[in-house]
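Let us walk through this model.

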Amino acid sequence: DAHRADWVPLARRLLDHVSPRVVAAAARALGRFGKLPAEAHPTGALRAFITVERLSRDSAVVAEEDPDVAAMLEGASPECSSARAALANAIADTRDLRFSGLAQRLSRDADPEVAGLAIAALGQIQDADSLPFLVGLLADAKHRATAVQSLAPFGDRAVDALAKALIDPAAPARVRREAPRALAEVGSEGAGLVLFDALVSDIPGLVRYRVLRALGTMVRKRAIRVDRDGIEPELRRNLLECLRFASLEVAFEEGETAPERARASHRLLRGLIHDKQRQARERAFRILQMLHPNEDFRSVYFSLESEDKRLRAHALEFVEALTLNAKDELRELLRWVIDDLSPRERVERAGAFLEGRPRIRDEALAAMLADPDDALATLAAYHVRALALADLDGEAEAVFSQRRWMPLETMPPPLLDGEIRG
């Protein structure tokens, strides 16, 4: 009850408590109702709340230039740190745009608790000028979760800022990868439209996967509906991607056994190809879940991965029954991806959709060197060097010079005349 005052004397007694946290909580409660005591020389958290209350009444004062604020910002003692935490809480309670600059400064505090409280305060203030700062914090693992929560109250203003970061190739990679999660937290119709547009765009694969997960979260938690005609092409693309990697796997295993010096790169490359098939299939199932939000496709997916043949058969029947109304082509692709087939059988049955697929190992390696995924192209380049394949060495060198890659402990040298094989 906002009209009751019997608690005020009790709260003021707590201002003398030995625990700084109890003092801060009592001062915050009193400050919210304008019941702070008039003390000549307050200290710690009480000083912070009294200072913010005083500044909020004077529109001519710049908060960062106030002597009391400056003393709290510059102090290195535990008491000053406690005061800065209280300062962030007091700013959050005022929701006054004039404190936005001070909140941003506190967001860079060396004490992670102070920084986190200040970032949360920015979400309460909702100053549009702080949006670039909050979006940039998505790259900071320590404060990412708080930044996501602080962006949500901005609504469509945050959506616009996040949309720009999501599609901007110059934006930090980590910001782009975390922007979908922040958009899902906003949860508005506008956020859903941005995510859908990003899903069918040419953004990097990892970012697109994060977009897909965020859309799935919105379908599950916000009950938004996706446009079937708009998202089915993305389902088709992922099914074809799964089959494409299956064709790479089959061709890659053709021919003679890799020599000793190439066995490590062969094993890594084979594992990566297998993982990419699995990831494409998982993305397809995430899309199916969005198209059928009342079904449990997560359980179906894991049933198909099971060693239990009966469980796999039931899962196959379920998917086929649920997709009866889908286009014939989609049903066919889905059946080839999820059916209990070997990679070779899968590829042979889907041959009409895999025009120009590689048939032998070197053709598979050439396709991998040209793949837009840097990790796949780099591993393929290492393997080409380890195999000493002269016909592909130029493409391998282009990968090393033009792609983002991480050197392994021992990088195979460029081919020498004595190592060249046809």
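Which residues of helix 7 are buried? They are Val114, Ala115, Gly116, Ala118, Ile119, Ala121, Leu122, Gly123 and Ile125. Buried means under 20% relative accessible area, with exposed over 50% and partly exposed in between (1.4 Å probe, protein chains only). Helices are DSSP runs (H or I, at least four residues), numbered from the N terminus. This is a predicted model, where local features need pLDDT of at least 70 and side-chain atom pairs count only at pLDDT 80 or more, while totals for chains, interfaces and linings use all residues. Residues are numbered from 1 along each chain as its sequence is written, and side-chain values use heavy atoms, with hydrogens and water left out.

Helix 7 covers residues 112-125, 14 residues in total. From first C-alpha to last it reaches 20 Å, close to the 20 Å expected at 1.5 Å a residue. That expected span is 1.5 Å times one less than the number of residues. The buried residues of helix 7 pack against helix 5 (78-94), helix 6 (100-106), helix 8 (131-136) and helix 9 (144-151). At the N-terminal end, Asp111 caps helix 7: a side-chain oxygen lies 2.9 Å from the backbone nitrogen of Glu113. Just after helix 7, Gln126 takes a positive phi of about 60°.

Now the rings. A pair of aromatic rings is described by the distance of the centres and the angle of the planes. Rings of Phe, Tyr and Trp (its six-membered ring) pair if their centres lie within 6.5 Å; planes under 30 degrees apart count as stacked, over 60 as edge-to-face and the rest as tilted. This rule gives seven aromatic pairs. One of them joins Phe285 and Tyr301, edge-to-face, at 5.5 Å centre to centre and 65° between the planes. Phe285 lies in helix 15 (residues 263-291) and Tyr301 in helix 16 (residues 297-304), so the pair ties together parts 16 residues apart in sequence. Both Phe285 and Tyr301 are buried.

Tyr382 and Phe400 have ring centres 5.2 Å apart and planes at 75°, so this pair is edge-to-face. Tyr382 belongs to helix 21 (residues 374-387) and Phe400 to helix 22 (residues 390-402), 18 residues apart. Tyr382 is buried at 2% relative accessible area, and Phe400 is buried at 8%. Ring pairs also link Phe285, Phe297, Tyr301, Phe302 and Phe318 into a cluster.

Last, confidence. pLDDT is the predictor's confidence in each residue, from 0 to 100. The chain averages 89, and 95% of the residues score at least 70.

Terms used:
Helices (H or I, at least four residues) and strands (E, at least two) are DSSP runs, numbered from the N terminus. Contact means heavy atoms within 4.5 Å. A polar contact is a pair of N or O atoms within 3.5 Å; within protein, one must be able to donate a hydrogen and the other to accept it, and residues adjacent in sequence count only if both atoms are side-chain atoms.
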